[in-house]
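I opened this entry to record what I looked up, from the whole chain down to single residues.

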Amino acid sequence: MSLSQEQIISDYQTNRRQLEAAEDAIRYLQRQGEQAVDRAIQAITRRLGPQALGEQEAYLQRDLRQAKETYDEIVNQEKRRLQRALDDNERTYRQKMRDIGG
């Protein structure tokens with residue numbers, strides 16, 4: 001294996017590890033966001049009581065749902081961006097290996 005091949009493989013593996021770590025961080029943040037929304041809904045329900053089905057609770061729940069949808073969309077956009085980066089890394093690696101005949 002030539003030094004060039006070693007460097008290509010090393011670069012590919014380093015990039016892949018970094019992108020996978022970013023994916024793990026996104027998944028962690030997604031879970032944290034979901035838990036925060038769940039806690040907020042539980043807190044609202046406790047404070048307003050089980051009988052409170054009034055307008056205020058409906059507005060708060062709607063706002064929380066909208067915030068969760070926005071958060072989910074941002075997380076999903078980042079997941080798609082990272083998947084594209086992983087795919088690009090793979091294509092670049094394969095192309096470089098073909099270019100040097102490896």
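**Conventions.** I worked from a predicted model, in which local features need pLDDT of at least 70 and side-chain atom pairs count only at pLDDT 80 or more, while totals for chains, interfaces and linings use all residues. Residues are numbered from 1 along each chain as its sequence is written, and side-chain values use heavy atoms, with hydrogens and water left out.

**Overall form.** I looked up the secondary structure and found two helices and zero strands in the protein. Helices (H or I, at least four residues) and strands (E, at least two) are DSSP runs, numbered from the N terminus. I then took the box along the principal axes: the C-alpha atoms fill roughly 75 × 15 × 10 Å. The radius of gyration is 22 Å, whereas a compact globule of 102 residues would have one near 13 Å. That radius is taken over C-alpha atoms, and the globule rule is 2.2 Å times the number of residues to the power 0.38.

**Surface and contacts.** I noted an accessible surface of about 7,600 Å² for the protein, 50% of which belongs to carbon and sulfur atoms. Accessible areas come from the Shrake-Rupley method with a 1.4 Å probe, and for residues only the protein chains shown count as cover. Of the 102 residues, 23% are buried. Buried means under 20% relative accessible area, exposed over 50%, and partly exposed in between (1.4 Å probe, protein chains only). For contacts (heavy atoms within 4.5 Å), I considered those between residues at least 6 apart in sequence; 79% of them join residues at least 24 apart.

**Helix H2.** I checked how far H2 reaches. Residues 55–99 form this helix of 45 residues, and its first and last C-alpha atoms are 65 Å apart, close to the 66 Å expected at 1.5 Å a residue. The expected span is 1.5 Å times one less than the number of residues. I listed buried residues in H2, among them Leu64, Val75, Leu82, Leu86, Tyr93 and Met97. The buried set also includes Glu57, Asp72 and Glu90. After H2 comes glycine 101, with a positive phi near 80°.

**Glutamine 18.** I placed glutamine 18 in helix H1, residues 3–48. Is glutamine 18 buried or exposed? Glutamine 18 counts as exposed because its relative accessibility is 52%. Glutamine 18 and leucine 86 are 68 residues apart in sequence, yet 9.8 Å apart in space, C-alpha to C-alpha. Leucine 86 is one of the buried residues of H2.

**Lysine 68.** I found lysine 68 in helix H2. Its relative accessibility is 28%, so lysine 68 counts as partly exposed. What does lysine 68 touch, not counting residues up to four places away in sequence? The answer is Glu34 and Val37.

**Arginine 84 and lysine 96.** I noted that arginine 84 lies in H2 and counts as partly exposed because its relative accessibility is 49%. Lysine 96 is found in H2; with 39% relative accessibility, lysine 96 counts as partly exposed. Lysine 96 and tyrosine 59 are 37 residues apart in sequence and 55 Å apart in space, C-alpha to C-alpha.
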